[in-house]
Amino acid sequence: MHLRSLLAAAAAASVLLALSGCGLVGGVAAAQSAGTPDRLPVGASAELGPDDGFIPVGESVALTDDVPAVTQLDSRLRDALQRAAEAAAASDVRFTLVDGWRSARYQQYLFDQAVAQYGSVDEAARWVKQPDQSKHVLGEAVDIATADAMDWLNRFGGEFGLCQIYANEAWHFELAADDTGTCPPQLTDGSAG
Ligand SMILES: [Zn+2]
């Protein structure tokens, strides 16, 4: 690979990572694959496991799985997701979760990684929320796969109360619709709210 394309790949990975404001692990994977030296594999140093809501890179869980990432979700959010998933299945769209509930220490780990990546607490806070501000830690947010599921939820999720909150996080959904199924205007990124 020529140096120029290598640099382009590294830049693309940085953009991916920058977009992962809620700490989506996929961004970490992209950075790792580009050889970013200051990112350790998630779980390697903190010994994160299923009890932290940790879902390994490249894996996902079903809404019916008996793992803390799912079972520790707010029951209203889980119910809404299940109702939406049943409706989406009629269109052959399947939901899986790449992140759900996270322990505070998992969120802290993601934040610390972001500080290492971006060089300051203030800059990191634009992309990853601290544990006391994260809806994932409260069990009130999920990161959805696949792209088809994100698209479906963007169009129909409001009927089930589910909304994309941040314009730069197509995968991140919370219960936020009003009684008419209307979602609030999206925030630019995680620092906006
Ligand atoms: Zn999220």
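Predicted model: local features only at pLDDT ≥ 70, side-chain atom pairs only at ≥ 80, totals over all residues.
Hi everyone, thanks for coming. Let me start with the big picture. The protein has seven helices and four strands. If you walk along the sequence, the order is α-α-α-α-β-α-α-β-α-β-β. There are 193 residues, and 44% of them count as buried.

Now please turn to helix α7, residues 147-156. Which residues of α7 are buried? They are Ala149, Met150, Trp152 and Leu153. Looking down the axis of α7, these buried residues fall within an arc of 165°, so they line one face of the helix. As a reminder, an α-helix has 3.6 residues a turn, so residues three or four places apart point the same way. On the other side of α7 you will find Ala147, Asp148 and Arg155, which are exposed. And what covers the buried residues of α7? The cover includes helix α4 (75-89), together with strands β2 (142-145), β3 (162-164) and β4 (172-175).

Keep β3 in mind, please, as it comes back in the disulfide. The structure holds one disulfide. Its partners are Cys163 and Cys183, with their sulfur atoms 2.0 Å apart. Cys163 sits in strand β3 and Cys183 in the segment after β4, so the pair, 20 residues apart, links distant parts of the chain. The link between Cys163 and Cys183 is left-handed, with -90° about the S-S bond. Are the two cysteines buried or exposed? Cys163 counts as buried because its relative accessibility is 1%, and the cut-off for buried is under 20%. Cys183 has 31% relative accessibility, so it counts as partly exposed.

My last stop is Gln107, in helix α5, residues 104-118. Gln107 has 1% relative accessibility and therefore counts as buried. What does its side chain pair with? The side chains of Gln107 and Arg102 are joined by a polar contact of 2.8 Å. Setting aside neighbours within four places in sequence, Gln107 is in contact with Arg102, and also with Val128, Lys129, Gln130, Pro131, Ser134, His136 and Val137.

That's my tour, and I'm happy to go back to any of these places with you.

Technical notes:
Residues numbered from 1 in each chain as written. Heavy atoms only, no water. Helix = DSSP H or I, 4+ residues; strand = E, 2+ residues; numbered from the N terminus. Buried < 20%, exposed > 50% of the residue type's maximum accessible area, 1.4 Å probe, protein only. Polar contact = N/O pair within 3.5 Å; in protein donor to acceptor, adjacent residues only side chain to side chain. Contact = heavy atoms within 4.5 Å. Arc of directions from axis to C-beta. Disulfide = S-S within 2.5 Å.
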